[in-house]
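Please look over the sequence and the model shown here, then read the briefing that follows.

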Number of protein chains: 4
Amino acid sequence: MVTGLKSIEVLQDDAVALRRKFHQTPETGFTEFITTYEIYTILKDTDFKLHLGTEVLSPNHRYGVPDEEIIEASRKRAVSYGVPDDFLDLLEGGNTGLVAVLDTGRPGPHIAMRSDIDALPILESEGASHKPSAEGFRSVHENEMHACGHDGHIAIGLAVAKYIHQNASQLTGRFTLIFQPAEEGGRGARSVVEKGWLDDVDYFMSGHLGIHEATAGTVSATTERFLASTKLDVSFNGKSAHSGVEPNAGRNALLAAASASLHLHAIPRHREGATRVNVGTMNAGSGWNVVADHAEIKMETRGETNALNEYMLSEVERILQASALMHGTDYETKFMGTAIGAACDSKWQTLVREANHANPDVVMIRDVLPLDASEDVTYMIDHVQKRGGLATFMIFASPLAAGHHHPAFDFDEAAIRTAVSVYINNINHIAGGVLHESDD
Amino acid sequence: MVTGLKSIEVLQDDAVALRRKFHQTPETGFTEFITTYEIYTILKDTDFKLHLGTEVLSPNHRYGVPDEEIIEASRKRAVSYGVPDDFLDLLEGGNTGLVAVLDTGRPGPHIAMRSDIDALPILESEGASHKPSAEGFRSVHENEMHACGHDGHIAIGLAVAKYIHQNASQLTGRFTLIFQPAEEGGRGARSVVEKGWLDDVDYFMSGHLGIHEATAGTVSATTERFLASTKLDVSFNGKSAHSGVEPNAGRNALLAAASASLHLHAIPRHREGATRVNVGTMNAGSGWNVVADHAEIKMETRGETNALNEYMLSEVERILQASALMHGTDYETKFMGTAIGAACDSKWQTLVREANHANPDVVMIRDVLPLDASEDVTYMIDHVQKRGGLATFMIFASPLAAGHHHPAFDFDEAAIRTAVSVYINNINHIAGGVLHESDD
Amino acid sequence: MVTGLKSIEVLQDDAVALRRKFHQTPETGFTEFITTYEIYTILKDTDFKLHLGTEVLSPNHRYGVPDEEIIEASRKRAVSYGVPDDFLDLLEGGNTGLVAVLDTGRPGPHIAMRSDIDALPILESEGASHKPSAEGFRSVHENEMHACGHDGHIAIGLAVAKYIHQNASQLTGRFTLIFQPAEEGGRGARSVVEKGWLDDVDYFMSGHLGIHEATAGTVSATTERFLASTKLDVSFNGKSAHSGVEPNAGRNALLAAASASLHLHAIPRHREGATRVNVGTMNAGSGWNVVADHAEIKMETRGETNALNEYMLSEVERILQASALMHGTDYETKFMGTAIGAACDSKWQTLVREANHANPDVVMIRDVLPLDASEDVTYMIDHVQKRGGLATFMIFASPLAAGHHHPAFDFDEAAIRTAVSVYINNINHIAGGVLHESDD
Amino acid sequence: MVTGLKSIEVLQDDAVALRRKFHQTPETGFTEFITTYEIYTILKDTDFKLHLGTEVLSPNHRYGVPDEEIIEASRKRAVSYGVPDDFLDLLEGGNTGLVAVLDTGRPGPHIAMRSDIDALPILESEGASHKPSAEGFRSVHENEMHACGHDGHIAIGLAVAKYIHQNASQLTGRFTLIFQPAEEGGRGARSVVEKGWLDDVDYFMSGHLGIHEATAGTVSATTERFLASTKLDVSFNGKSAHSGVEPNAGRNALLAAASASLHLHAIPRHREGATRVNVGTMNAGSGWNVVADHAEIKMETRGETNALNEYMLSEVERILQASALMHGTDYETKFMGTAIGAACDSKWQTLVREANHANPDVVMIRDVLPLDASEDVTYMIDHVQKRGGLATFMIFASPLAAGHHHPAFDFDEAAIRTAVSVYINNINHIAGGVLHESDD
């Protein structure tokens, strides 16, 4: 072990404190200006080389980039928080996120770790039993919330970065830490992959807090059953009319969207495995007495395999067309994000077990957990594997106050401690060459 | 005739110019801060006594008052237009509108005239063939538009006010000019009635531009078939869940609202006469991958009689309840506005014919036109009639570029000229006592 | 008056008794074998010349002819009632109904009267308060019922026939009595018109019992607002699949029909006037665990004018297409019946008033009643008027135990008495030339 | 081996011929009069003791028994086929099926085998490429078809019976052969279980032709993932009204059923595993112009576990209630059939392998195949296992002309041959004591 238990504890304490800090300023995908700046501030005095903006990601391979006004409003908010304008200029157009690289100069593996940094458009609970409220670290951003644990992921990533920086002399090879924007909706990962950060990675690791509701300290070494998923924005355009004087003259876009929503949720189940569909939002119409000439929905499909997701998408296409026809409107579909299916390398099961058999923060190690959800980390896993690397996505279990994406979502911060020490032990196991050499 | 043709022409020219001015700064119901201030500015140097704020209307009898933030944002906008803060203080809480009273001091009838001043939440057309765009007086307020001719109504009311002011010495009795906020949705009229402005009115007149697509100059002396109407805001509250991980854990408020929308539009027609229903807006959910826990719709019902509107409302109640149950959500209904049925006094048919038989701006006079729409002027008509007065609502026909409430709505401004001279001739006929006396 | 009150009373008593007889053996459109035979039996010994089968109607101008098996089953039932096979051969293919002609040989008007003879596919009430049940003349045919009063219409037509036969020597001109099959659904009238029976009619009269819920004895001389109507049979063809093993492989015709039904009922109301739509029946699928590959609906549209009915039909076409597309099925539409709009001649108002001013069975005569329903008599009215004749459709009011087409429908038989004497008085007034001549 | 290859071949030939015979006279659940009589005729001269009627099953534990008229009509049809009335009296009330018992008198295991005998309400394809049509053994019953292979199951059961009869002297223990009615919909198995036939069974075997699309000769020794399932008949009762005159007076049961159908198919997928829902049939209304006062649907739910099926049923209950409320109707639910989840005993995997390692009709043996469908054999499996016996359900794979429950369903008859020899080899392996003794 390159570092005493004591110093890891300090990093763990730091991580919990940082998590609470990030929890208060959640930012949704491609508007993580404050978040990126905080990460930058913490890492800028380390030996890591930091990359920002279009060095991090390929702007045209991003999905579901928000409207310019939304990006602009978030940028203004960041300015009001004291983020310098010249820093924000680097992130122009919502090219948020950061990549930190440290090369030990010694031969050894290239290890990459990915932490996702975005939040969700959810109004956080003010309930007395909601710990962030009770203990004063609730989101100060209306309708934005870290309701999926990415605040913890950032903090863990930073703790690991500090560890590598502090122990670089005793490690081998190269480290690439990716702080990825816009995981929600599967919008950011591919744009990072396209910049080549993962082209020659030997060991790729990422992970998630929560998901598995078990005692903190329970770790799953790998994950299976990532759902392939596609996010779409659909708009229906009809014709407005005075609903009292001439209801027959309208072409009702609100009803087209309503028909679509009901019928989309009734797509038949598939014999080959799990599928999902969700119309998550609808915004339609202008007033009580106007036949709605416009409606927009945000929706997604998922499938246990890429083929199942394709099945869902082909049903969606027909249903959207039929719903528009049903009410005499037009419609338009915008592709907003995607995640593919993938599988972790089972060699990571052995690796995690060996690296952590003596880790006091680990209660139990499982080989594999089914996710039944989507994660754009699959683009990274797939890319690494295609080029011969080994990839995993670990689950750091925790009891949950409420499920992921719920206004009262919260997890046991002990899971952060577990994650920090697991990542560090993995690194030591794989790249802790220097000390091992001298020790042996 | 108390005033020469020439001076009426000047008032008509003024009215057309003012209409274009008001067209550029549309404000929706109970946010008419700029509009009220403009009216005030024009009338403040006349002999009219002006009333504002809670002198105009009873705040608690308003329906569908917007959220405080919306009122506040509109007020701020008014400030940026140069409307003084102390003036805006008088309209605190969105108590917009103005009542102007002039007493000639001579015995005679009490004549009241009502002009409605609010706009609609519609994005005005930028089309080259849309005259307000082509001629540079399109709305400068995004998503607000005078798409129902109320800009013209304000201008007509002001022209009539000027006329009364200029010719007061030759008129008898008393004049009450009501610039009513929030007609759309039937939200403002009752609050004005409750302040007593119409308690002792002998002759009440109001009217509408357009509606009847015929040559400008065609006037209907009275209106029938006002549709009774009710506006409701309905919210559905379900339970959010991650749509990939645990779709079964959600309670889908978006689908509840969608089911409600479809089924509301399928309420059976009624043997007794015309009915209407419209779900005009829907806003639901928070993101692609979250089961929507909240949805809001704005809707309305109408009926050719109050009983038919009641029939619709009772169907609505059951359908909302069923839609919530269908998806396991709660729901809440907020009453947002209403208009009752009413009938004009047929004596006004004779009166308008006699007063305007020689009016050169009038091409044809019809006795009565069916409206098949709702107007909260019915509260005023009903109130005046119950206390022995005579009430009418005239229609000033015009060819229309596009129907009422359409983004490309526009009318022939000649209809404004017709309306100005018809109102003035009516006034002279009823209250032109002084001159008549001396003339005869 | 050609006949004493006494003898009319006998005809009235006969009519009531016959109505009860016909009530027991209701037959739906184009299966009126027993009914036609009973009419034939009663008239065969009069001076009327009787016409049957393809002499009565043009088979190819019938709408909604039932499947051969249904016709065959009804024919077999008729045989079991003792209707001779050679008689039934004349009605081969469901060419039911009868036309009876009597020429007085004296110059005079050609008067035509139409009685519709079909029943509805409704299971008659067995309730103790349902008079036909209580008094023992309930339908003996399962799922068939005279729930619209046509049993009375037949009886009235026969009473009028007997009257003409008995008093032929005192009447002038010619009489054509049409016992028309398949009025329900608008399926039979046009086929009779096409045979030329109404080509040279001077006075055409028909009528309906009930409709207007008022004291029996109240007569409306004419009717307005016949709704134009179209009946359609629509079938959806999808693909069956095992709903457990491979739900995704099906194409659900049942859901296509269900989507169509809901959306058809939500066709927007029209500003120009009353419209109607009804999906009256659905039959779909084969078993619990088979995705339904077939569905059929019977539906109709109506409009206050032919144009409004056309509006409905064009909406229907689009919605059917969209519903099929929504579920990936095909669909097919079969035209099953129609009624056009029409207007009675107001001259009949005077005529009925004059003929019946002293009729003791008449309590009150109205000029006109709005029908707000469809009747294929409009084909006859339209045809007669186009060739210069005068046509009416009278309403013989009655209190109703339950509405038309209800399992407990029943009317006051006094309305039959009124109808008999009104028709006879009309005939006497128009064609009672002989006696009038000699009397005067 | 107790019997030479040659004699098994004869039994196999017989089975194929019998399958074609049974294929022509398919009968749906609890109307298998002809079928039961044919089975009886074939077995009555063997040493089996035959049981019929209420000896076979407990009438009150049957689910989804058809209406008396349907049973009566099927019985009449059987009479017309020459089935004696006194035989049919034994099956009074649709208590169809047969149990055949043979006791060798020698100590040994009690082996039970179950063959299901009912058909589906499907109109068989007349296509030239459909072998039963092409080769002249298509169903002669309109709308009934052996579209699930039960014709083969009967024939296999009979071949096994003949084998046991012929070789009884060389076998040990006792044999119970169950020819079970009404498997489709899960309606018959429990009623047989309740009569105690399986109370002391040591080895239970049943199986299915097809399911697995692979070369005939491929056998799965056991089956997993039986879907728990429930069949329901739901009726909605509203109020009829004339759809033209008074649409508002109706309570539309057809629309209630349509709303229910759409929303049932949109029940959210469940995180825990596969679920299914199907509304398989709808019958509603009486005519084009009558608001439908009655509608009936046949529906089912399924779940990978009993808990998942319960989840579906609780959603169903709420949706039915909401759909009735939506249209102001009542509704009633009738429980029509069910199948529980179950698991085969893995010991059968060894047993089938050992018994058939040299079986020339077997190409490949799989241990287990997932079914993803429902089978009421689960009641039998569950019962046998609870009392200490071992149970299996084998799959005899076949290429399929079209899927199960499809009008063109057909399988390779070689699978029948395989099944016959596998069952016989299993029996010899388990109970072939006599010969083995003497042989060894």
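Helices (H or I, at least four residues) and strands (E, at least two) are DSSP runs, numbered from the N terminus. This is a predicted model, in which local features need pLDDT of at least 70 and side-chain atom pairs count only at pLDDT 80 or more, while totals for chains, interfaces and linings use all residues. Residues are numbered from 1 along each chain as its sequence is written, and chains are lettered from A and ligands numbered from 1 in the order in which they are written.

**Annotated positions in chain A**

- An unreviewed UniProt entry lists C148(A), H150(A), E184(A), H208(A) and H405(A) under "binding site". These residues span 258 residues in sequence, yet no two of their C-alpha atoms are more than 13.8 Å apart, so they gather at one spot.
- UniProt positions are given in the numbering used here, with shortened feature names, and annotations may be inferred rather than shown by experiment.
- H208(A) sits in strand β5 (residues 203-209) of chain A. H208(A) is buried, because 28 other C-beta atoms lie within 10 Å; a residue is buried if 20 or more other C-beta atoms lie within 10 Å of its own, exposed if 12 or fewer, and partly exposed in between, with C-beta atoms placed from the backbone.
- Leaving aside neighbours within four places in sequence, H208(A) is in contact with G149(A) and I395(A). Two residues are in contact if their C-beta atoms, placed from the backbone, lie within 7 Å.
- H405(A) lies in the loop between β12 (390-396) and α12 of chain A. H405(A) also counts as buried, because it has 26 C-beta neighbours inside 10 Å.
- Leaving aside neighbours within four places in sequence, the contacts of H405(A) include C148(A) in chain A and S240(B), A241(B), H242(B) and V290(B) in chain B.
- The unreviewed UniProt entry also places "domain: Peptidase M20 dimerisation" at residues 232-322 of chain A. This span is 32% helix and 29% strand, and its end C-alpha atoms lie 17 Å apart.

**Helix α11 of chain A**

- Seven of the 10 residues of α11 (residues 377-386) of chain A are buried, so this helix is described as mostly covered.
- The buried residues are V377(A), T378(A), Y379(A), M380(A), I381(A), H383(A) and V384(A). They pack against several elements of chain A, including β3 (110-116), β5 and β12.
- G388(A) follows α11(A) and has a positive phi, near 95°.

**Helices α6 and α12 of chain A**

- α6 (residues 150-167) and α12 (residues 414-431) of chain A pack at an angle of about 40°, with their axes 9 Å apart. That makes α6(A) oblique to α12(A), since angles under 35 degrees count as roughly parallel, over 145 as roughly antiparallel, 65 to 115 as roughly perpendicular and the rest as oblique.
- Axes are lines fitted to C-alpha atoms, for helices over the stretch in contact, and angles run from 0 to 180 degrees between N-to-C directions.
- Among the residues that meet are G152(A) and A155(A) of α6(A), and I416(A) and A419(A) of α12(A).

- The contact between chains A and B takes 51 residues from chain A and 52 residues from chain B. On the chain B side, β8(B) gives the largest share, eight residues.
- Eight residues of chain B are in contact with eight residues of chain C.
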